[in-house]
Amino acid sequence: MNGDKLRIILSQNIKQFRLHRGFSQAELAEKADISIPFLGAIERGDKWPHPDSLAKLASALNIEAFELLKQENGVTHDVKAVVYKLTNDINSLVNDSIETLNKIAHNIDH
């Protein structure tokens, strides 16, 4: 494995763990005490974090630092899964809101 491949693995793992934890980039950056642009650059594979920053990111994600470098890290939530879950949550909220509005309208009519 070369350095470019390792950088890709790191960037994908940080993003996957972040999404799995439900953190925005801003939330993770704050927890890891790094800047949002720097985190974005790491997730894009444009920057390579200092070992101290890597340790802070791992700590903020509540994992061991080595897990960020594993090719298969066991995180099952990818972007598609997150979008699917959010879509289902939004649909449920909309349906609940429509039901509530229908009940209110029914009570007003009577």
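Hi everyone, let me start in a loop: D33 sits in the loop between α2 and α3. Helices here are DSSP runs of H or I with at least four residues, strands are runs of E with at least two, and both are numbered from the N terminus. Phi of D33 is near 60 degrees, which is a positive value in a residue other than glycine. With 59% relative accessibility, D33 counts as exposed. On that scale, buried means under 20% relative accessible area, exposed means over 50%, and partly exposed is in between, with a 1.4 Å probe and protein chains only.

Before I go on, a word on what we are looking at. This is a predicted model, in which local features need pLDDT of at least 70, side-chain atom pairs count only at pLDDT 80 or more, and totals for chains, interfaces and linings use all residues. Residues are numbered from 1 along each chain as its sequence is written, and side-chain values use heavy atoms, with hydrogens and water left out.

Now the overall picture. How many helices and strands are there? Five helices and zero strands, so to speak a plain α-α-α-α-α when you read along the sequence. The C-alpha trace spans about 70 × 25 × 20 Å along its principal axes. The radius of gyration is 20 Å, whereas a compact globule of 110 residues would have one near 13 Å. That radius is taken over C-alpha atoms, and the globule rule is 2.2 Å times the number of residues to the power 0.38.

Of the 110 residues, 27% count as buried. The accessible surface comes to about 7,600 Å², and 54% of that belongs to carbon and sulfur atoms. Those areas come from the Shrake-Rupley method with a 1.4 Å probe, and for residues only the protein chains shown count as cover. As for contacts, meaning heavy atoms within 4.5 Å, residues 24 or more positions apart account for 65% of those with a separation of 6 or more.

Let's go inside. The largest nonpolar core has 17 residues, and I14, L28, L39, L57, L61 and L68 touch the most other members. The elements that give two or more residues to this core are α1 (3–21), α2 (25–32), α3 (36–44) and α4 (51–60). The largest share, four residues, comes from α4. A nonpolar core here is a set of buried Ala, Val, Leu, Ile, Met, Phe, Trp, Tyr and Cys residues joined through side-chain atoms within 4.5 Å.

Take L61: leaving out residues up to four places away in sequence, L61 touches I14, F17, R18, R21, F23, L28 and L68. Helix α4 also holds S53, which is buried at a relative accessible area of 14%. Beyond its neighbours within four places in sequence, S53 is in contact with I34 and F38.

Not counting residues up to four places away, R18 touches F23, S24, Q25, L28, L39, E43 and L61. With E43, the side chain of R18 meets in a salt bridge (2.6 Å, N to O). R18 is in α1 and E43 in α3, so the pair ties together parts that are 25 residues apart in sequence. E43 is buried as well, at 10% relative accessibility.

A search of the whole structure finds four salt bridges, each being a side-chain nitrogen of Lys or Arg within 4 Å of a carboxyl oxygen of Asp or Glu. Among them is R44 with D46 (2.9 Å, N to O), where R44 is exposed at 57%. Another joins K103 and E99, with the closest N and O atoms 3.5 Å apart. Both lie in helix α5, four residues apart, about one turn of the helix. E99 is partly exposed at 44%.

Let me finish on α5, which covers residues 79–109 and includes V94. V94 counts as partly exposed, at 42% relative accessibility. Together L86, I90, V94 and I98 make a nonpolar surface patch of about 350 Å². Patches are made of residues with over 30% relative accessible area and no salt bridge, with like charges joined within 9 Å and nonpolar side chains (Val, Leu, Ile, Met, Phe, Trp, Tyr) within 5 Å. Thanks, everyone!
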